[in-house]
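Me: I would like to learn how to read packing features from a model. Could you take me through one, step by step?

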Amino acid sequence: MKTPLYVAGVTSKSSAELIGRARRSGYSVFGETLASSIGRSMSSVGKSERVYYITSPPIRMSAETPRQLMKSLAYDDLQVTGSDNCTFNKKQKELGLLDFTKIPNGVNGAEDRMSVVWEKGVHQGVLDPCRFVAVTSTNAAKIFNIYPQKGRIAVGSDADIVIWNPQGTRSISKDTHHHACDFNIFEGMTVHGVAEYVLVRGRVCAENGSVRVAEGFGRFIPMAVRPPYVYDIVKEKVHVSEEHPEEAQNGNLAKKFAELDILIPEEKTMSALLVENMPIMAGGSPCSTPSVRGRVDGKRDMQESSFSISEELDKSGVRSCIKVKNPPGGKSSGFW
């Protein structure tokens with residue numbers, strides 16, 4: 001049986017509203033928006049500078065769009081935030097000054113995504129902190145079927161933890177970011193919400209703005225098919241005639257989506273989709289994703305940190321407190 005399952009990247013208010021209407025009608029539709037879409041509009045960008053902001057989906061002109069997208073995240077019309085990070089320097093972007101088709105496509109987003117979502121969402125009163133965790137972490141883990149190994153803090157889950165300071169502030173700048181490019185689309189933006197520590201499987205990989213990656217520490221995470229978060233909706237809400245399942249599926253679905261003004265994608269084979277979406281690359285094309293030029297290879301001894309987590313047990317053996325020890329001179333914190 002074919003299931004009406006759709007996933008879409010969203011940058012406009014109208015698209016988010018359509019996804020919300022489809023979800024409320026019982027269809028398994030999920031929407032993602034990007035840090036570039038919720039943190040920036042083109043209204044304040046001069047025409048001569050817009051070449052540096054070309055990406056897909058495009059950053060919208062209206063200054064109201066970022067807030068509308070954030071509201072859609074709050075209302076569950078959209079479920080996930082991403083970055084689609086693909087950085088190029090100014091010289092590379094300027095290859096398309098006289099020919100739009102030659103502009104390398106992509107902007108930064110990964111490093112600043114969490115702070116941008118907190119600033120535009122929680123700090124401005126649109127999201128609550130729990131929803132922030134959902135749209136930045138938990139929902140993605142559920143959609144990719146790696147929850148609760150990822151996306152949750154619990155016994156048995158990977159110790160991927162962010163120690164987040166909601167009152168901390170920083171100014172985003174090309175002079176301090178870790179991207180291998182010489183501009184930042186959020187340049188000069190002051191954001192509330194700063195990651196003081198980032199732990200990956202229990203090891204500190206970022207500390208107060210300093211990256212402490214260990215080469216080779218990453219690992220492949222297999223993702224089983226048919227995640228319950230996605231397909232439980234299909235099982236419970238979509239009913240297909242047992243006598244003519246194919247006819248009912250196509251007819252009823254087409255009728256319902258026509259009512260919602262949603263275009264049903266043409267069914268194509270995977271090979272056809274791959275051919276259509278395969279980038280055309282000439283040797284050394286400036287439109288290809290850049291290599292690691294400008295980046296510094298990780299060193300295993302960078303993983304050393306004075307930050308540590310320990311737990312205390314009471315007399316019965318039950319965990320009573322987790323202690324977080326800060327660098328020398330700092331105070332230890334206890335979390336019950």
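Me: What should I know before I start?

Reply: This is a predicted model, in which local features need pLDDT of at least 70 and side-chain atom pairs count only at pLDDT 80 or more, while totals for chains, interfaces and linings use all residues. Residues are numbered from 1 along each chain as its sequence is written, and side-chain values use heavy atoms, with hydrogens and water left out.

Me: How many helices and strands are there in the protein chain?

Reply: Helices (H or I, at least four residues) and strands (E, at least two) are DSSP runs, numbered from the N terminus. The protein chain has nine helices and ten strands.

Me: What percentage of the residues is buried?

Reply: Buried means under 20% relative accessible area, exposed over 50%, and partly exposed in between, using a 1.4 Å probe and protein chains only. Of the 336 residues in the protein chain, 37% are buried. For the surface, accessible areas come from the Shrake-Rupley method with a 1.4 Å probe, and for residues only the protein chains shown count as cover. The protein chain exposes about 19700 Å², and carbon and sulfur atoms supply 54% of that area.

Me: And how do I read contacts along the sequence?

Reply: A contact means heavy atoms within 4.5 Å. Taking contacts between residues at least 6 apart in sequence, 63% join residues at least 24 apart.

Me: How is a pair of aromatic rings described?

Reply: The distance of the centres and the angle of the planes describe it. Rings of Phe, Tyr and Trp (its six-membered ring) pair if their centres lie within 6.5 Å; planes under 30 degrees apart count as stacked, over 60 as edge-to-face and the rest as tilted. Searching the whole structure gives five aromatic pairs. One of them joins Tyr-52 and Phe-183, a tilted pair with 5.5 Å centre to centre and 45 degrees between the planes.

Me: Why does the pair of Tyr-52 and Phe-183 tie together parts that are apart in sequence?

Reply: Tyr-52 lies in the loop between α2 (35–39) and α3 (65–74), and Phe-183 in the loop between β4 (161–171) and β5 (190–200), so the pair ties together parts 131 residues apart in sequence. Tyr-52 is buried at 8% relative accessible area, and Phe-183 is buried at 9% relative accessibility.

Me: How is the pair of Trp-118 and Phe-132 arranged?

Reply: Trp-118 and Phe-132 are edge-to-face, 4.9 Å centre to centre with 90 degrees between the planes. Trp-118 belongs to helix α5 (residues 113–122) and Phe-132 to helix α6 (residues 129–143), 14 residues apart. Trp-118 has a relative accessible area of 9% and is buried, as is Phe-132 at 5% relative accessibility. Trp-118, Phe-132 and Trp-164 form one aromatic cluster.

Me: At what angle do α5 and α6 pack?

Reply: Axes are lines fitted to C-alpha atoms, for helices over the stretch in contact, and angles run from 0 to 180 degrees between N-to-C directions. For α5 and α6 the angle is about 145 degrees, with the axes 11 Å apart. Arg-113, Met-114, Val-117, Trp-118 and Val-122 in α5 meet Pro-129, Phe-132, Val-135 and Thr-136 in α6.

Me: Why is α5 described as largely enclosed?

Reply: Nine of the ten residues of α5 are buried, so α5 is largely enclosed by the rest of the structure. Its buried residues pack against α2, α3, β3 (80–82), α6, β4 and β5.
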